[in-house]
Amino acid sequence: MAFEPPRRLVRALGETAPDGDEWLEKLPEAVEQAVTLRELAVERVQVPGGRSSVVLLVRRADGTPAVLKLAPRRARPESEAAALAHWGGLGAVRLLEADGAAGVLLLERLHPEVSVRSLPESKALLEAAGTLRRLWVEPPSGHAFETVAERTGRQAAAMAMSAGDAQVAPLVAAAVAARGELLAAPPERRLLHGTFRQSKVLAGERMPWLAVGPDPVVGECAFDLARLVRDRVEDLIASSSGASITRRRIRRLAESLEVDQERLRGWTLFRAVESGVRALRVGRPRDAELLLEFAGWV
């Protein structure tokens with residue numbers, strides 16, 4: 001089959017993955033092998049697609065619609081497969097088959113063109129929060145998932161390299177300090193989606209909304225909710241009342257999901273600064289500007 005990876009994926013791997021070129025070079029062969037092995041009929045490649053994987057809409061031998069996802073090792077596909085298997089379709093897309101070592105997942109077909117983000121903002125936040133609540137379960141015993149402390153430790157170390165920049169140094173210092181306080185006494189340990197936002201919640205058949213694309217991590221719920229706080233950040237920045245909207249959003253989300261408001265504020269700060277500093281590092285200054293301005297409001 002003729003195959004060309006989506007441009008968004010190519011750009012993203014070029015920014016962050018030293019092994020991106022090698023994986024991309026082998027991707028057409030890997031797609032062909034995965035399709036042939038499972039006797040799949042390819043309908044199309046999903047575009048623009050994600051920044052860490054390629055997704056194909058396929059049909060199984062019996063005609064059932066499905067999704068074939070291939071990801072490089074750095075995207076931790078085996079961890080995604082383990083989380084989806086543990087959730088068992090409750091709140092998340094159902095895992096049909098996985099070869100984590102090869103970075104291949106066969107998933108239930110949802111409606112990729114319809115995400116929660118298509119709803120009005122207040123309704124979108126309500127539906128997204130309800131979906132997220134279903135994912136917060138006890139992790140399996142003996143799990144190998146990364147913890148919030150481990151992930152944010154790597155991120156804090158990378159952020160420290162930008163601490164010499166006078167423009168971002170105060171925000172980096174505040175974010176790192178907040179992390180230290182938050183990790184001192186986490187209130188619970190749950191299996192978290194890890195990269196949850198409105199665009200990660202798609203319309204389904206067996207349930208109205210289901211989460212996709214987790215980068216699972218184990219830790220407190222406020223960490224997971226923090227990424228949702230800054231959804232539609234472009235609209236927030238463009239609004240004259242963006243700062244007050246952000247503070248109200250933190251309060252409402254914390255209340256609706258019974259999460260401590262100050263802990264949510266702290267993780268929102270850390271995650272926004274981390275994303276902003278990373279955007280600067282890989283050459284996306286416009287994204288960095290938006291994220292760091294948002295962080296200043298928190």
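Predicted model: local features only at pLDDT ≥ 70, side-chain atom pairs only at ≥ 80, totals over all residues.
Good morning, colleagues. I shall begin with the chain as a whole. The protein chain contains 11 helices and 10 strands. Its radius of gyration is 19 Å, close to the 19 Å that the globule rule gives for 298 residues, so the chain is as compact as a globular protein of that length. Taken along the principal axes, the C-alpha atoms of the protein chain fill a box of roughly 55 × 40 × 40 Å.

Two further figures concern the interior and the surface. Of the 298 residues, 52% count as buried. The accessible surface of the protein chain amounts to about 13,800 Å², and carbon and sulfur atoms account for 51% of that area. As for the contacts, if we take those between residues at least 6 apart in sequence, 70% join residues at least 24 apart.

I turn now to strand β5, residues 104-108. Is this strand enclosed or open to the outside? Five of its five residues are buried, so β5 is largely enclosed by the rest of the structure. Strand β5 has pairing partners in β3 and β4. Strand β3, residues 65-70, runs antiparallel to β5 and is joined to it by five bridges. Strand β4, residues 95-99, also pairs with β5 in the antiparallel sense, over four bridges.

Which of its residues are buried? They are P77, S79, E80, A81, A83, L84 and W87. After α3 comes G88, with a positive phi near 60°. G88 lies in the loop between α3 and β4. With a relative accessible area of 48%, G88 is partly exposed. The C-alpha atoms of G88 and A144 are 18 Å apart in space, while the two residues are 56 apart in sequence.

Next, the nonpolar cores. In soluble globular proteins, nonpolar side chains tend to be buried together. In this model, the largest nonpolar core has 73 residues, and those with the most contacts inside it are L225, L264, V273 and F294. What does L264 touch, once its neighbours within four places in sequence are set aside? L264 is in contact with A222, L225, A226, V229, I250, L253, A254 and V259. There is also a second, separate core of 18 residues, which includes V31, V54, V58 and L106.

T152 is placed in helix α5, residues 148-160. Buried or exposed? T152 has a relative accessibility of 0%, under the 20% limit, and therefore counts as buried. Not counting residues up to four places away in sequence, T152 touches R179, L183, F223, W267 and F270.

To close, I would draw attention to two points. The largest nonpolar core has 73 residues, and the second core, of 18 residues, is separate. Thank you for your attention.

Definitions and conventions
Residues numbered from 1 in each chain as written. Heavy atoms only, no water. Buried < 20%, exposed > 50% of the residue type's maximum accessible area, 1.4 Å probe, protein only. Helix = DSSP H or I, 4+ residues; strand = E, 2+ residues; numbered from the N terminus. Pairing = 2+ DSSP bridges. Core = buried A, V, L, I, M, F, W, Y, C linked by side-chain atoms within 4.5 Å. Contact = heavy atoms within 4.5 Å. Rg over C-alpha atoms; globule rule 2.2 N^0.38 Å. Areas by Shrake-Rupley, 256 points an atom, 1.4 Å probe, with all protein chains shown as cover.
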